[in-house]
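Take a moment to find your way around before reading on.

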Amino acid sequence: MTDSARSPGRAELTRFLRSRRERVRPEDVRLRSGSRRRTPGLRREELARLADVGVSGYT
């Protein structure tokens with residue numbers, strides 16, 4: 001059984017957070033865009049650092 005099948009709210013939260021991360025470019029928050037990105041927007045690690053939380057806490 002997948003996580004989303006066990007908890008529909010979790011899948012919804014995942015989609016919400018991903019959509020919000022995609023709206024913000026690294027340059028918007030004074031980060032270097034660096035190397036090629038596979039997805040638009042901020043990476044989870046970058047967002048966690050900006051929010052001053054651990055990556056594992058964010059994920």
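Is V55 buried, exposed or partly exposed? In this predicted model, V55 is partly exposed, because its relative accessible area is 35%, which falls between the 20% and 50% cut-offs. V55 sits in helix 4, covering residues 55-58. Beyond its neighbours up to four places away in sequence, V55 touches E45 and A48. With E45, ten residues away along the chain, the C-alpha separation is 5.7 Å.

Now turn to R21, which belongs to helix 2. R21 is buried but forms no salt bridge; E22, the nearest side chain of opposite charge, lies 6.6 Å away. Setting aside neighbours within four places in sequence, the contacts of R21 include P40, G41, L47 and Y58.

Stepping back, the protein chain has four helices and zero strands, running α-α-α-α from the N terminus. Of its 59 residues, 15% are buried. The accessible surface is about 5,100 Å², with 49% of that belonging to carbon and sulfur atoms. Among contacts with a separation of 6 or more, 8% join residues 24 or more positions apart.

How confident is the prediction?

| Element | Mean pLDDT |
|---|---|
| helix 1 (residues 3-6), lowest | 57 |
| helix 2 (residues 8-23), highest | 91 |

Across the protein chain, pLDDT averages 84, and 90% of the residues score at least 70. Where pLDDT is low, the predicted coordinates should not be read in detail.

Methods. Residues are numbered from 1 along each chain as its sequence is written. This is a predicted model: local features need pLDDT of at least 70, side-chain atom pairs count only at pLDDT 80 or more; totals for chains, interfaces and linings use all residues. Side-chain values use heavy atoms; hydrogens and water are left out. Helices (H or I, at least four residues) and strands (E, at least two) are DSSP runs, numbered from the N terminus. Buried means under 20% relative accessible area, exposed over 50%, partly exposed in between (1.4 Å probe, protein chains only). Contact means heavy atoms within 4.5 Å. pLDDT is the predictor's confidence in each residue, from 0 to 100. Lys and Arg count as positive and Asp and Glu as negative; His and the chain ends are not counted. A salt bridge is a side-chain nitrogen of Lys or Arg within 4 Å of a carboxyl oxygen of Asp or Glu. Accessible areas come from the Shrake-Rupley method with a 1.4 Å probe; for residues, only the protein chains shown count as cover.
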